[in-house]
Structures are given as C-alpha cells and as structure tokens.
Amino acid sequence: MSTEEETRARWEREMEAVVRRMREGGGQAGLARPEQVAGKTGLQTMQAMLDGELPYPHIADTLDFALVEIAHGLAVFQGTPQLRHYNPLGSVHGGWFATLLDSALGCAVHTTLPAGRGYTTAELGVNIVRAATLKTGPLRAIGKVIHSGRQLATAEARIVGPDDRLYAHATTTCLVFEAR
C-alpha cells in the first residue's frame with residue numbers, strides 16, 4: 001500500500017513522463033484537422049493525443065491540467081491547483097473543478113465511440129465536497145463510462161487527491177451523433 005507521499009511522487013513522475021512523451025511526439029495545444037482523425041475510433045484519437053500525434057485542447061494549458069491515462073471507457077486527468085485558479089474566497093474556483101471533471105467525463109465517453117461518431121455534453125452535474133488550495137498538490141479526475149449507446153452516453157467522475165480523499169464528483173449525459 002502506498003503512502004500519500006509515495007502516491008504524490010508517483011503521480012508527479014507519471015505527469016512528467018506524459019508531458020515529455022506528448023512534447024516529443026510533437027504535441028501542442030491546438031485543434032486536430034478532420035483528415036488527422038478520419039477513420040480513427042475515439043480511443044485511437046485520444047491515444048494519438050496522449051502520444052503527441054494530435055494536438056491537445058488549449059483549455060489544458062489555460063487551467064494547468066493534462067490527460068495522463070486513457071483506456072476504453074476511462075479517462076484520467078491530472079492538475080495542480082494554482083493561485084490563478086482561486087476565487088475571491090481564497091480557494092480554487094468551482095469552474096476549475098467543473099472543467100477538470102467535464103474533461104474526464106467527455107473523454108471517457110469519447111473512448112467508447114466508433115470512427116465517425118462524435119459527442120457533446122448535454123448535462124453536467126457537479127458536486128464539490130472539499131475545497132482545494134495551493135497546499136493541496138496534484139489532483140486527479142477519474143472519468144468512467146456508465147453507458148454508451150447509439151444516441152446517448154452517461155459517465156461519472158471523481159476528483160481525488162493522493163491520499164484518496166474526495167474533492168468533487170460529477171455525472172454527465174452526452175449526446176452521441178454522426179461526426180462530419
């Protein structure tokens with residue numbers, strides 16, 4: 001069993017390795033061109049992003065988080081709260097939590113889609129149960145698909161710290177459609 005310090009150190013190493021792999025693969029913030037994703041499943045698209053073959057979304061740079069793990073029906077993002085993410089009350093703004101959760105939820109859904117299908121968030125429910133600050137350190141949003149159908153997909157996600165404490169949780173309903 002890992003201690004909180006061991007988990008924190010492992011998470012930081014994993015994040016550094018992912019960012020290095022993305023950069024070495026040429027990855028940078030941007031938008032993929034249609035021909036770059038044509039014929040790829042959602043999982044293949046997400047893996048190409050993680051490998052730096054496709055650009056990752058600009059929001060990751062804006063809010064200091066990154067995709068660190070992907071599998072069928074699973075997406076894990078990691079971010080470390082910064083002072084620039086604070087609200088006037090002196091803790092991390094709810095929008096930071098919501099964006100991190102929405103990213104994990106949507107990308108988990110994306111991994112289940114066949115080539116030629118897209119999705120959009122139709123509903124997002126967020127519950128923040130613990131404040132985060134600069135002292136919190138890295139947090140992970142773990143998104144898992146509950147159901148992925150032809151027209152609708154649902155997923156749930158949790159933001160946890162290295163001590164496995166829950167900071168927030170969310171659910172989503174996504175509309176699934178033919179991508180153009």
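Q: What is the volume of the largest pocket?
A: This is a predicted model, in which local features need pLDDT of at least 70 and side-chain atom pairs count only at pLDDT 80 or more, while totals for chains, interfaces and linings use all residues. Residues are numbered from 1 along each chain as its sequence is written, and side-chain values use heavy atoms, leaving out hydrogens and water. A pocket is an open set of points on a 1 Å grid where a 1.4 Å probe fits, with protein on both sides within 12 Å along at least five of seven lines; lining residues have an atom within 4 Å of a point. The largest pocket has a volume of about 1100 Å³.

Q: Which residues lining the largest pocket are the closest to its centre?
A: The lining divides into 25 nonpolar, 12 polar and eight charged residues. Of the 45 lining residues, the closest to the centre are Ala32, Thr45, Met46, Met49 and His110.

Q: Is helix H5 (94-110) mostly covered or uncovered?
A: H5 has 17 residues and reaches 24 Å from its first C-alpha to its last. With 12 of its 17 residues buried, H5 is mostly covered.

Q: Which element gives the largest share of the largest nonpolar core?
A: This core has 43 residues, and Phe97, Leu100 and Ile159 are among those with the most contacts inside it. Ile159 touches Phe97, Leu100 and Leu101, among others. The largest share of the core, nine residues, comes from H5.

Q: Which strands each supply at least two residues of the lining of the second largest pocket?
A: This pocket holds about 160 Å³ of space. Its lining includes Asn127, Lys144, Glu156 and His169. The strands that each supply at least two lining residues are S3, S4, S5 and S6.

Conventions. Core = buried A, V, L, I, M, F, W, Y, C linked by side-chain atoms within 4.5 Å. Buried < 20%, exposed > 50% of the residue type's maximum accessible area, 1.4 Å probe, protein only. Helix = DSSP H or I, 4+ residues; strand = E, 2+ residues; numbered from the N terminus. Contact = heavy atoms within 4.5 Å. Expected span 1.5 Å × (residues − 1). Points joined across faces, edges and corners; volume = space filled by probe spheres on them. Nonpolar A, V, L, I, M, F, W, Y, C, P; charged D, E, K, R; others polar. Lists of a residue's contacts leave out its neighbours within four places in sequence.
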